[in-house]
Amino acid sequence: MAIEQQLYDTLKVLCPRTFPDFAPVATVRPYVTFQNVGGATLRFIGGEPADRRFTDMQINVWADSRLSAMTLARQIEDALCAATAFTARPNAEPVSDFDADIPVFGCRQDFTLFATR
């Protein structure tokens with residue numbers, strides 16, 4: 001199973017409103033989005049892919065309050081680090097965000113995910 005599907009399945013347990021890349025307009029909060037932001041590509045000298053993927057994923061949480069966003073972000077961090085379908089390592093602490101036009105509170109955190117192909 002693709003690492004993106006494994007991540008999606010893990011996140012949906014914590015927040016049923018989980019979407020790759022972006023959420024539809026007017027999605028009820030809280031909701032989670034995720035996107036691939038790079039990672040190390042592993043290839044053998046002959047050009048064959050390695051049996052593992054090292055993918056950097058950004059997880060974004062959007063909620064009606066700072067506390068709600070951070071609480072869900074911490075639950076996600078715990079769940080990803082405990083996952084058995086892949087290995088997750090947070091790259092840093094969550095970064096707070098706010099969109100005054102909506103208004104909505106958010107936070108984002110990058111993880112490196114290690115998984116077999």
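Q: Where does arginine 53 lie, and why does this residue count as partly exposed?
A: Arginine 53 sits in strand 3 (residues 52-63), where a strand is a DSSP run of E with at least two residues, a helix is a run of H or I with at least four, and both are numbered from the N terminus. The relative accessible area of arginine 53 is 24%. Buried means under 20%, exposed means over 50%, and partly exposed is what lies in between (1.4 Å probe, protein chains only). Arginine 53 therefore lands in the partly exposed class.

Q: What kind of model is this, and how are its residues numbered?
A: It's a predicted model, so local features need pLDDT of at least 70 and side-chain atom pairs count only at pLDDT 80 or more, while totals for chains, interfaces and linings use all residues. Residues are numbered from 1 along each chain as its sequence is written, and side-chain values use heavy atoms, with hydrogens and water left out.

Q: Buried or exposed: how do you know where phenylalanine 34 belongs?
A: Phenylalanine 34 has 5% relative accessibility, so it counts as buried.

Q: Why is the pair of phenylalanine 98 and phenylalanine 105 called tilted?
A: Their ring centres are 4.8 Å apart and their planes stand at 50 degrees, so the pair is tilted. Phenylalanine 98 is partly exposed at 40% relative accessibility, and phenylalanine 105 is partly exposed too, at 26%.

Q: Which residues of helix 2 are buried, and why are they said to be on the same side?
A: They are Ala69, Leu72, Ala73, Ile76, Glu77 and Leu80. These residues cover an arc of only 145 degrees around the axis, which puts them on the same side of helix 2; the arc is that of the directions from the helix axis to the C-beta atoms. The face turned away from that buried side carries the exposed residues Leu67, Asp78 and Ala82.

Q: Which residues of helix 1 are buried, and what makes them line one face?
A: Ile3, Gln6, Leu7, Thr10 and Leu11 are buried. Seen down the axis, they fall within an arc of 125 degrees, so they line one face of helix 1.

Q: What makes the phi of aspartate 21 worth a look?
A: Most residues other than glycine have a negative phi. Aspartate 21 isn't a glycine, yet its phi is positive, about 70 degrees. Aspartate 21 lies in the loop between strand 1 and strand 2, and a relative accessible area of 49% makes it partly exposed.

Q: Why does alanine 26 count as exposed?
A: Alanine 26 has 74% relative accessibility, so it counts as exposed. This residue is also in the loop between strand 1 and strand 2, with a positive phi near 70 degrees.

Q: How do you know that the peptide bond from arginine 29 to proline 30 is cis or trans?
A: Omega is near 5 degrees, and the bond is cis. Proline 30 sits in the loop between strand 1 (18-20) and strand 2. Another cis bond joins isoleucine 102 and proline 103, with omega about -20 degrees.

Technical notes: Rings of Phe, Tyr and Trp (its six-membered ring) pair if their centres lie within 6.5 Å; planes under 30 degrees apart count as stacked, over 60 as edge-to-face and the rest as tilted.
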